[in-house]
Amino acid sequence: MSGYFITFEGGEGAGKTSILHAIYTKLKDLGYDVLATREPGGIEIAEQIRKVILDPDHTEMDERTEALLYAAARRQHLAEKVLPALNQGKIILCDRFIDSSLAYQGHARGLGMDEVFSINQFAIKDCMPNLTLFFDIGPKKGLDRIAANKDRERNRLDLENLKFHKLVYEGYTILTDRFPDRIQTINADQSMEAVEQAAFDCIISHIN
């Protein structure tokens, strides 16, 4: 595969989605062949699975069911959209990937990172990101941002308490220690312009 796979990670309210779209536009303007997508979702089947996972009414969903649904959506998205784009040499900017499952289901839900990684290995085979940006902001500040943003989509994860989101953050810090060559930390607790510039500089340094 000749493309370059970049994933954007972080807790709720980290601002990664807005930054991703801004960087997508910048890269396009510079002439790069770039694709923006998201997880869970990105293609029709995975978007339907997303609706099931994130529906606020589905509070009874079992943790293992949740993890398996994320892995299923990930596989379909990978097979239908990501792998073909990589084979075409595109730069892919993906809002969340396997690290989200490891932090949210593996660590915060208590299923175990290794266990969640194993079911995702079946889903993705050996397709790991070339680069992952972790947008680092304290859980409380991230949730405060969400509360202030009335236009943001509300989902089932927003119903979780602060303790859960602290565990998610803890999970990400474990991952940054485990994969230091792949995961680059971006300070998300600054102006959007500063975060965008830091993320853009990091990406340019890796793809050139």
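The largest cavity in this predicted model holds about 80 Å³ of space, and the count of cavities of 30 Å³ or more comes to one. Two of the helices that contribute to its lining, α6 (139-148) and α7 (162-178), each supply at least two residues, and α6 and α7 also pack with their axes 9 Å apart.

**The largest cavity**

- The lining of the largest cavity is made up of G11, E12, I137, G138, P139, L143, H165, V168, Y169 and Y172.
- Helix α7 gives the largest share of this lining, with four residues.
- Sorted by class, the lining residues of the largest cavity are six nonpolar, three polar and one charged.

**Helices α6 and α7**

- The axes of α6 and α7 lie 9 Å apart and the two helices pack at an angle of about 120 degrees; α6 and α7 are therefore oblique to each other.
- The crossing in which α6 passes α7 is right-handed, and the contact is formed by P139, K140 and L143 on the side of α6, together with L162, H165, K166 and Y169 on the side of α7.
- By class, the residues in the contact of α6 with α7 are four nonpolar, one polar and two charged.

**Helices α1 and α8**

- Helix α1 (residues 16-29) and helix α8 (residues 192-207) have axes that come within 10 Å and cross at roughly 55 degrees, and α1 and α8 are therefore oblique to each other.
- Where α1 passes α8 the crossing is right-handed, with S18, I19, A22, I23, K26 and L27 of α1 meeting M192, V195, E196, Q197, A199, F200, I203, I204 and I207 of α8.
- The contact of α1 with α8 contains, by class, 11 nonpolar, two polar and two charged residues.

**Backbone features in loops**

- The peptide bond that leads from E39 to P40 is cis, with omega near -15 degrees, and P40 is found in the loop that runs between β2 (34-38) and α2 (44-54).
- R96, a residue other than glycine, has a positive phi near 80 degrees, and R96 is placed in the loop between β3 (91-95) and α4 (98-108).

Note on methods
Residues numbered from 1 in each chain as written. Predicted model: local features only at pLDDT ≥ 70, side-chain atom pairs only at ≥ 80, totals over all residues. Heavy atoms only, no water. Axes fitted to C-alpha atoms, helices over the stretch in contact; angles between N-to-C directions. Parallel < 35°, antiparallel > 145°, perpendicular 65-115°, else oblique. Left-handed = near helix turned anticlockwise from the far one by under 90°. Contact = heavy atoms within 4.5 Å. Nonpolar A, V, L, I, M, F, W, Y, C, P; charged D, E, K, R; others polar. 1 Å grid on protein atoms, 1.4 Å probe; cavity = no way out; pocket = protein on both sides within 12 Å on 5 of 7 lines; lining within 4 Å. Points joined across faces, edges and corners; volume = space filled by probe spheres on them.
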